[in-house]
Structures are given as C-alpha cells and as structure tokens.
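I will look things up one at a time and write down what I find.

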Amino acid sequence: MPAEPVPLRSFEKDLVVESFELFDVPPRWLFLKVATKGGLVGWGEPVVEGRSGAVRTAVEELGEYVIGRPANRIEDIWQVLHRGGFYRGGPVLMSAIAGIDQALWDIKGKALDAPVYELLGGAVRGSIAVYGWIGGDSPDGVAEAAQHRVKQGFGAVKMNASGRMAWIDSPQRIAEIAERMRLVREAVGPDIGIGVDFHGRIHRGLARRAIEALEPYAPMFVEDPVAPGHEDLLAGLAAGLRTPLATGERLYSRWDFKHVLPHIDVAQPDVSHAGGISETRRIASMAEAYDVALAPHCPLGPLALAASLHVDFASLNAFIQETSLGMHYHDQYGVELLDYVANPEVFAVQEGKISLPEKPGLGVEIAEDIVRKEAGRADGENGWRNPVWRLSDGSFAEW
Ligand SMILES: [Mg+2]
C-alpha cells in the first residue's frame with residue numbers, strides 16, 4: 001500500500017472503509033453503499049444516465065484505493081482518485097468519483113453527528129427554491145404540465161425548447177419555440193420561473209434567433225444554448241442578449257468550468273457528474289468570483305438531490321435546484337425518487353422550496369429493502385438508454 005500522508009489516528013480506526021456495494025435501480029440510477037469497520041454506512045449516487053455499467057466498473061476500480069482507508073480523508077482521497085490515475089476528467093471517471101465523494105461526506109456527517117452543510121461552513125439559507133420538469137419536446141400538454149407543477153407547489157419549471165432541429169432549420173421551427181413558451185407563460189403568469197433548455201439541439205446558426213424569440217416571455221434562463229464542445233461560442237452569443245445563459249451539466253470539473261464562467265450567468269454542475277459534493281462546492285465558489293449564479297443540474301435520484309441541496313444550503317450564489325420529483329420518464333418503470341427514501345419529508349416542497357434537513361450526513365434514510373428489490377431491474381439491456389433521433393433525411397439529430 002502506498003504511503004499515507006498522515007498515519008492512522010485513533011479516531012479513524014472505526015472509519016476505515018470496509019466495503020462498496022452497488023445497486024442499479026430504475027429508472028436510470030446507480031446507488032453506492034459504503035460501509036466502514038465501525039458500522040457507519042454512507043450512500044452516494046455515481047451515475048451517468050444510460051452508462052451506469054461503465055460507471056459501475058469505474059467505481060469498482062477506484063474502490064481498490066478507497067477500501068482500507070479512513071473515510072474521513074475526503075480531500076486526499078478525492079485528489080488521488082482524480083489525479084492519481086494519470087488520465088483524468090470526463091463523465092465516467094468524474095461521476096464515479098462523485099458517488100464515492102458523496103458517500104464519504106455522508107459518513108463524515110454521521111461520524112460527527114452533523115448535516116453535510118454544517119461541515120461546508122454552515123447554512124447560508126433556510127430553504128432553496130426548486131424547479132420541476134414539464135417536457136417540451138413537443139408543445140402538447142406543456143401548459144397543462146406547468147399548471148400541474150404550480151399546483152404541486154413549485155414556483156418554477158423547466159422545459160425543452162424544441163424537438164429535433166436541423167443545423168439550419170425553418171422559421172416555422174423558431175415560431176414553434178416561441179409559441180411553446182408563450183403557452184406556458186400565459187398558463188402560469190409572470191411570477192413563475194420558466195427555464196428553457198435548448199439541450200444542445202440547436203446549432204450555432206439559429207441559437208441567437210431562438211433565444212431572441214423567447215425574450216418577450218422572460219425565460220428564467222436559457223440552458224445549453226449550444227452543445228458541449230462549443231463553449232467558445234458563448235461569449236459571442238451572450239453579447240446583447242437580455243436572457244441569462246446557463247450551462248454546465250456536461251462539464252465535469254473546475255478545469256472544464258474555468259473556460260466558460262466568464263461568459264455565462266448560471267452554472268449548472270451536476271453533483272453526480274462533476275466530482276461530487278467536494279468539486280461542486282469548489283465550482284460554486286469559483287462561479288461566485290465571476291458573479292455567476294449556481295443552479296445545480298439534477299435529474300437523478302434521492303442521494304444526488306440531497307447532495308446538491310447541501311451544496312446549495314452552503315453556497316451564497318445558489319438560487320434554484322433542479323429535481324426529478326415526479327419526472328415523466330418514471331412512468332415506464334413505475335418507481336419514483338421518493339420510493340427509495342424512508343424519510344420522504346426531507347424533500348417536501350412548500351411554497352416552491354425545500355427546507356434545510358437536520359439529520360446528520362446527507363440526511364436521507366435510504367429504504368434499503370426497496371433498493372434491493374428494485375436492483376437489477378434496469379440493468380444492462382433493460383436499462384434506460386439515450387434516445388437516438390434522426391432528421392427526415394436520415395441524419396443524426398441531437399437529443
Ligand atoms: Mg439540461
């Protein structure tokens with residue numbers, strides 16, 4: 001075993017990691033249970049949607065380093081997992097690290113009898129606004145879905161701007177983007193936030209025209225106005241717009257964010273893709289120095305949501321949190337986020353907000369019997385896969 005930076009201290013003996021256990025659960029999540037010698041257990045969610053098998057293998061490989069080491073040494077473990085493999089970054093490795101990191105924070109909180117936000121410096125707010133998904137691939141039902149979210153207690157919603165888009169598409173497609181937004185704005189009124197996700201579907205040539213078409217309806221932000229890899233276009237796109245630009249769900253570290261923070265208004269790291277609580281918190285601090293707001297991406301399960309909330313509660317620039325509560329793709333498997341939680345009250349949405357949890361660690365009691373029952377149902381070829389879209393001429397279209 002390589003040399004440790006600090007010899008094992010007496011209080012760490014019970015915190016030595018003894019085992020990793022992974023559970024593929026529907027609709028498209030992967031849960032990690034980390035157990036220590038002293039009997040403490042931490043949970044995390046290391047997953048890339050549609051690639052859970054690849055992340056599972058990465059977690060198992062990284063576990064070789066973590067098992068046998070004290071769980072409290074989160075920073076040192078993080079640095080070794082990130083830098084110590086020589087090759088670093090990207091969705092699979094950073095999501096694997098993310099789930100391990102979340103589980104270690106859960107253990108640290110339980111060991112110290114404190115919620116994770118306490119260990120990040122303490123809460124800067126008592127609650128955080130959340131938003132719910134309403135679809136938007138087609139205009140059908142978006143207005144009704146938005147009204148339903150408002151009835152459920154949400155003060156903000158998010159939708160896709162469009163379905164599949166050609167590289168240069170017709171004026172009709174742009175008109176449809178504006179019309180969808182108009183329907184939703186008219187349905188919910190001026191007090192409700194409406195985030196619009198371009199999802200990387202709209203290419204450079206039409207991005208500005210599409211954002212300008214939405215501006216009369218005051219979107220809360222436009223997300224991923226261009227696809228990942230085109231961050232160099234954001235500066236030019238932002239110039240002259242009145243709409244906040246958001247991006248980050250497909251960025252995985254500070255090193256990815258440093259190029260985009262000067263040109264965006266809202267950073268959206270995903271706490272299960274961007275290296276966990278540790279790295280998301282650092283990205284939040286880095287964003288603050290650019291006057292950029294934080295709105296963590298989270299279409300995932302209860303552990304990812306809880307981990308995101310702890311970062312939000314400790315980060316001044318966080319203003320809203322995505323949740324997958326009641327999200328549409330759940331119908332195909334018949335389970336939803338709260339089914340995996342024995343204390344669902346921690347995620348209660350009241351007046352559009354989720355309040356500070358008080359339990360130690362992540363504050364989520366996982367319903368392990370349900371996790372074990374569901375594990376494997378969404379495994380392998382039964383698992384969720386990214387839709388593959390094509391245009392009418394047969395060529396690939398961004399989903
Ligand atoms: Mg998105």
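This is a predicted model: local features need pLDDT of at least 70, side-chain atom pairs count only at pLDDT 80 or more; totals for chains, interfaces and linings use all residues.

**Entry 1: helix H1.** I then listed the buried residues of H1. They are Ser 52, Val 55, Arg 56, Ala 58, Val 59, Leu 62, Gly 63 and Val 66. I checked how they sit around the axis: their arc is only 165°, which places them on the same side of H1. I recalled a general point here. An α-helix has 3.6 residues a turn, so residues three or four places apart point the same way.

I asked what the buried residues of H1 pack against. I found S1, S2, helix H2 (74-83) and H3.

I also checked the length of H1. It has 15 residues, and at 1.5 Å a residue they should span 21 Å; I get 20 Å between the end C-alpha atoms, so the two agree. After H1 comes Gly 68, and I noted its positive phi, near 95°.

**Entry 2: helix H2.** Next I took H2 and asked which of its residues are buried. I wrote down Ile 74, Ile 77, Trp 78, Leu 81 and His 82. Their arc around the axis is only 125°, so they lie on the same side of H2. On the other side of H2, I found Glu 75 and Arg 83 exposed.

What covers the buried residues of H2? I found that the cover includes H1, H3 and helix H10 (276-288).

**Entry 3: the sheet.** I turned to the strands. Three of them form an open sheet, in the order S1-S2-S3, with antiparallel pairing. I marked strand S1 (17-25) and strand S3 (41-44) as the edge strands, since each pairs on one side only. From one strand to the next, I read an average twist of 20°.

How many bridges join strand S2 to S3? I counted four, with S2 covering residues 29-36 and the two strands running antiparallel. I looked up two of the facing positions. Val 34 stands opposite Gly 42 in S3. Leu 32 stands opposite Gly 44 in S3.

S2 and S3 make a hairpin, and four residues lie between them. In that turn I noted Gly 39, which has a positive phi of about 100°.

**Entry 4: helices across the sheet.** I asked where H1 lies on the sheet. H1 (residues 52-66) lies across S1 and S2, and I read an angle of about 175° to S1. Helix H3 (residues 91-112) lies across S2 and S3, and I read about 145° to S3.

**Entry 5: the whole chain.** Last, I stepped back. I noted twelve helices and 14 strands in the chain. The radius of gyration is 21 Å, close to the 21 Å of the globule rule for 399 residues, so the chain is as compact as a globular protein of that length. Along the principal axes, I read a C-alpha span of about 65 × 45 × 40 Å. Of the 399 residues, 49% are buried.

I ended with contacts in the chain. Among those between residues at least 6 apart in sequence, 72% join residues at least 24 apart.

Methods: Residues are numbered from 1 along each chain as its sequence is written. Two strands pair if DSSP finds at least two bridges between them. Axes are lines fitted to C-alpha atoms, for helices over the stretch in contact, and angles run from 0 to 180 degrees between N-to-C directions. Two residues are in contact if their C-beta atoms, placed from the backbone, lie within 7 Å. The radius of gyration is taken over C-alpha atoms; the globule rule is 2.2 Å times the number of residues to the power 0.38. A residue is buried if 20 or more other C-beta atoms lie within 10 Å of its own, exposed if 12 or fewer, and partly exposed in between; C-beta atoms are placed from the backbone. The expected span of a helix is 1.5 Å times one less than its number of residues. The arc is that of the directions from the helix axis to the C-beta atoms.
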